[in-house]
Amino acid sequence: MANVLDCKVVAQAIKDECKAAAEELKAQGITPKLGIIRVGEKGPDLSYEKGATKTMEEAGIEVEVFAMPADVSQEDYIQLFRKVNADPAIHGILAFRPLDNIDENEAISKNLSPEKDVDSSNPTNMGKLVINDPTGLYPCTASAIVEVIDYYAEEIKKVVRPNYVPLPLAKPGQEDDVCCGLDVCIINNSNVIGKPVSMMLTNRFATVSIVHHLTHEEVKNDYIKRADVVICAVPFKNSVTADMIKEGAVVIDAAVIREKAFDADGNPIMNEKTGKQKVITLGCCSPDVEEKASWKTPVPGVGSITSALLAKNLIKACKVLNGK
């Protein structure tokens, strides 16, 4: 049975780190602050807002919500967005999407300063990721995956490199980086997970392959089977099975698949508080993967780290904007 890569522990460690950094900034007269821009009162937006606000408070970061009516015009939205973006007291902006009646590219992408792009939707930050610019703000879900690898580096090393010989050209300290020489296969090629994770790991000298639904089956299986670490985010449950991975592989399941809950007799399981049918969150790995992997993330798991990474990006943005 696979050991658990506890993502909640990783998230708490990041929040503790952010809180210490926030206190240090406040001692210098700088209060880290996030601006949330929301249109209407959609359930997912309100839920995300509540979670993000709670995380920021735990990390010692202030939050100000700018709520607009559901029928706001594009002109009014842009006017408010530019005002928030220009406010020196706000160090990062989280704008909820999708926007029903507003051109997001015109309203957000063209008006959001890369330095305040804590959700990493501006192409400038993706460019910074490619060239390994330390001032860049990187996608939270992708960063969460790498944070898991870093947090459990010693455990992963014992599994994937028991007889590891440091590379002769490695820089001092680099030979201790768990990513250096790591063979990773990513089953996802999106801008949110696959591409940024591949860049983050490549920048740290991992050997990375990306496969997806259009990769020839034999080629895909070959890449996955030889990987030390398999990172998967496929939108279908049971897409990754035990026979696809090698014995002892480390598996990070970053998929978020939601299904309505039913009992053993096929009857809907209801939420007593809301009166609605309960929804369960699944990953893309089949249960038998846990029997073959050495370490694996639970589901839900990686998602619990993403809001903590939003706080980490906010602290980073605050420091860059203040020349720290």
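Reader: At what relative accessibility does E154 count as partly exposed?
Author: Happy to start there: this is a predicted model, in which local features need pLDDT of at least 70 and side-chain atom pairs count only at pLDDT 80 or more, while totals for chains, interfaces and linings use all residues. Residues are numbered from 1 along each chain as its sequence is written, and side-chain values use heavy atoms, with hydrogens and water left out. Buried means under 20% relative accessible area, exposed over 50%, and partly exposed in between (1.4 Å probe, protein chains only). E154 falls in the partly exposed class, at 49%.

Reader: Which residue meets the side chain of E154 in a salt bridge?
Author: A salt bridge here is a side-chain nitrogen of Lys or Arg within 4 Å of a carboxyl oxygen of Asp or Glu. Helices (H or I, at least four residues) and strands (E, at least two) are DSSP runs numbered from the N terminus, and both partners lie in helix α7 (residues 153–160), three residues apart, about one turn of the helix. The N to O distance is 3.4 Å, and the partner of E154 is K157.

Reader: Is K157 buried or exposed?
Author: Its relative accessibility is 15%. K157 therefore counts as buried.

Reader: How many residues apart are D100 and K42?
Author: Their side chains meet in a salt bridge at 3.3 Å, N to O. D100 is exposed, at 62% relative accessible area, whereas K42 is partly exposed at 28%. D100 sits in the loop between β4 (92–95) and α4 (104–109), and K42 in the loop between β2 (33–39) and α2 (43–58), so the pair links distant parts of the chain, the separation in residues being 58.

Reader: How many salt bridges does a search of the whole structure find?
Author: One of them joins R97 and E104, with the closest N and O atoms 3.7 Å apart. R97 is partly exposed, at 31% relative accessible area. For the whole structure, the search finds 13.

Reader: At what angle do helix α6 and helix α11 pack?
Author: Axes are lines fitted to C-alpha atoms, for helices over the stretch in contact, and angles run from 0 to 180 degrees between N-to-C directions. For α6 (residues 140–151) and α11 (residues 303–321), the axes are 8 Å apart and the angle is about 105°.

Reader: How many residues of the contact of α6 with α11 are nonpolar?
Author: Contact means heavy atoms within 4.5 Å, and the residues making it include A144 and V148 of α6 and L309 and L310 of α11. Ala, Val, Leu, Ile, Met, Phe, Trp, Tyr, Cys and Pro count as nonpolar, Asp, Glu, Lys and Arg as charged, and the others, Gly among them, as polar. Four are polar, two are charged, and the nonpolar ones number six.
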